[in-house]
Amino acid sequence: MAELLLSDIISNLNQKVDAIYRHSTLIERYSAISRDYGEGIILTESEAHILGYVCEMEEGTVTDLARYSFRTKGTMSKMLKKLEEKGMVQRVKREDNQKWIYVSPTEYGRRANAVHKAYDRAATSIMLEDLQKTCTLEEIESFYKVTQARIEYLSRTHEKMLNKM
């Protein structure tokens, strides 16, 4: 088998860039649709993942959550307000730091996060089964590896752009 060269990848770069853009657009649209994850827990995927970050951090600030999720503080505040209205997160002040407001999950929020994670595992398993019709397991695993590398690259680029502002 001939060795793949960078020039081979670049040869049809416009189509590849367009495929990445279309994939990102579909993910963005999918993430904005409200759905019932089970037990009557209705969230957008974006809200569900933000709730997951709140659960992971246990107590995070709007700034912490915005930075981790690559969103503005304004967007994060709006998303957290929706989650607070649904009873999934609460804003708290610490005894040792009255200046900062922290966000933490409620018990209902922790339950909603667990239900969402189970839904994601099931949905992703179905997608992986379907992908195996056209991709090998090695190709699927490579996709995840490349996706993680792109996140790291784009995170650095994003941070540099923010620092220039």
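## Report on a predicted chain with helices and strands

Met57 is a residue of helix α3. With a relative accessibility of 28%, Met57 counts as partly exposed. Apart from neighbours within four places in sequence, the contacts of Met57 are Asp64, Leu65 and Tyr68. Met57 and Glu39 are separated by 18 residues in sequence, and their C-alpha atoms lie 24 Å apart in space.

### Overall architecture

The protein chain contains 7 helices and 4 strands. Along the sequence these elements follow the order α-α-β-β-α-α-α-β-β-α-α. The C-alpha trace extends over about 65 × 45 × 25 Å along its principal axes. The radius of gyration of the protein chain is 19 Å, whereas a compact globule of 165 residues would have a value near 15 Å. Of the 165 residues in the protein chain, 24% are buried. When contacts between residues at least 6 apart in sequence are considered, 45% of them join residues at least 24 apart.

### Packing of helices α4 and α5

Two packed helices are described by the angle between their axes and the distance between the axes. Helix α4 covers residues 62-69 and helix α5 covers residues 73-85; the two pack at an angle of about 110°, and their axes are 9 Å apart. The helices α4 and α5 are therefore roughly perpendicular to each other, since angles of 65 to 115 degrees are placed in that class. On the α4 side the contact involves Val62, Thr63, Leu65, Ala66 and Ser69, which meet Lys73, Met76, Ser77 and Leu80 of α5. Sorted by class, the residues of this contact are 5 nonpolar, 3 polar and 1 charged.

Phe70 lies in the loop that links α4 and α5. Its relative accessibility of 44% places Phe70 among partly exposed residues.

### The largest nonpolar core

In soluble globular proteins, nonpolar side chains tend to be buried together. The largest nonpolar core of this model has 20 residues, and those touching the most other members are Leu43, Leu51, Met76, Leu80, Leu83 and Met88. At least two residues of this core come from each of α3 (45-57), α4, α5 and α6 (107-131). Helix α3 provides the largest share of the core, with 5 residues.

Which residues does Leu51 contact, leaving aside its neighbours within four places in sequence? Leu51 is in contact with Leu43, Leu83, Met88, Val89, Gly109, Ala112 and Asn113. Two of these partners, Met88 and Val89, are also touched by Thr106, whose contacts beyond four places in sequence are Gly87, Met88, Val89 and Gln90. Thr106 is located in the loop between β4 (97-105) and α6. Is Thr106 buried or exposed? Thr106 is buried, because its relative accessible area is 15% and the limit for a buried residue is under 20%.

### Residues with positive phi

Most residues other than glycine have a negative phi, and most peptide bonds are trans. Glu58, although not a glycine, has a positive phi of about 70°. The position of Glu58 is in the loop between α3 and α4, and a relative accessibility of 35% makes Glu58 partly exposed. Phe70 is another residue other than glycine with a positive phi, in this case near 60°.

### Pairs separated in sequence

The table gives C-alpha separations for pairs of residues.

| Pair | Separation in sequence | C-alpha distance |
|---|---|---|
| Met57 and Glu39 | 18 residues | 24 Å |
| Asp36 and Tyr119 | 83 residues | 9.7 Å |
| Glu56 and Pro105 | 49 residues | 9.3 Å |

Asp36 belongs to strand β1, which comprises residues 34-36. With a relative accessible area of 42%, Asp36 is partly exposed. Beyond four places in sequence, Asp36 touches Ile41, Ile42 and Tyr119.

Where is Glu56 placed? Glu56 is in helix α3, the helix that also holds Met57. Glu56 has a relative accessible area of 53% and is exposed, whereas Met57 is partly exposed at 28%.

Methods
Residues are numbered from 1 along each chain as its sequence is written. This is a predicted model: local features need pLDDT of at least 70, side-chain atom pairs count only at pLDDT 80 or more; totals for chains, interfaces and linings use all residues. Side-chain values use heavy atoms; hydrogens and water are left out. Axes are lines fitted to C-alpha atoms, for helices over the stretch in contact, and angles run from 0 to 180 degrees between N-to-C directions. Angles under 35 degrees count as roughly parallel, over 145 as roughly antiparallel, 65 to 115 as roughly perpendicular and the rest as oblique. Contact means heavy atoms within 4.5 Å. Ala, Val, Leu, Ile, Met, Phe, Trp, Tyr, Cys and Pro count as nonpolar, Asp, Glu, Lys and Arg as charged, and the others, Gly among them, as polar. A nonpolar core is a set of buried Ala, Val, Leu, Ile, Met, Phe, Trp, Tyr and Cys residues joined through side-chain atoms within 4.5 Å. Buried means under 20% relative accessible area, exposed over 50%, partly exposed in between (1.4 Å probe, protein chains only). The radius of gyration is taken over C-alpha atoms; the globule rule is 2.2 Å times the number of residues to the power 0.38.
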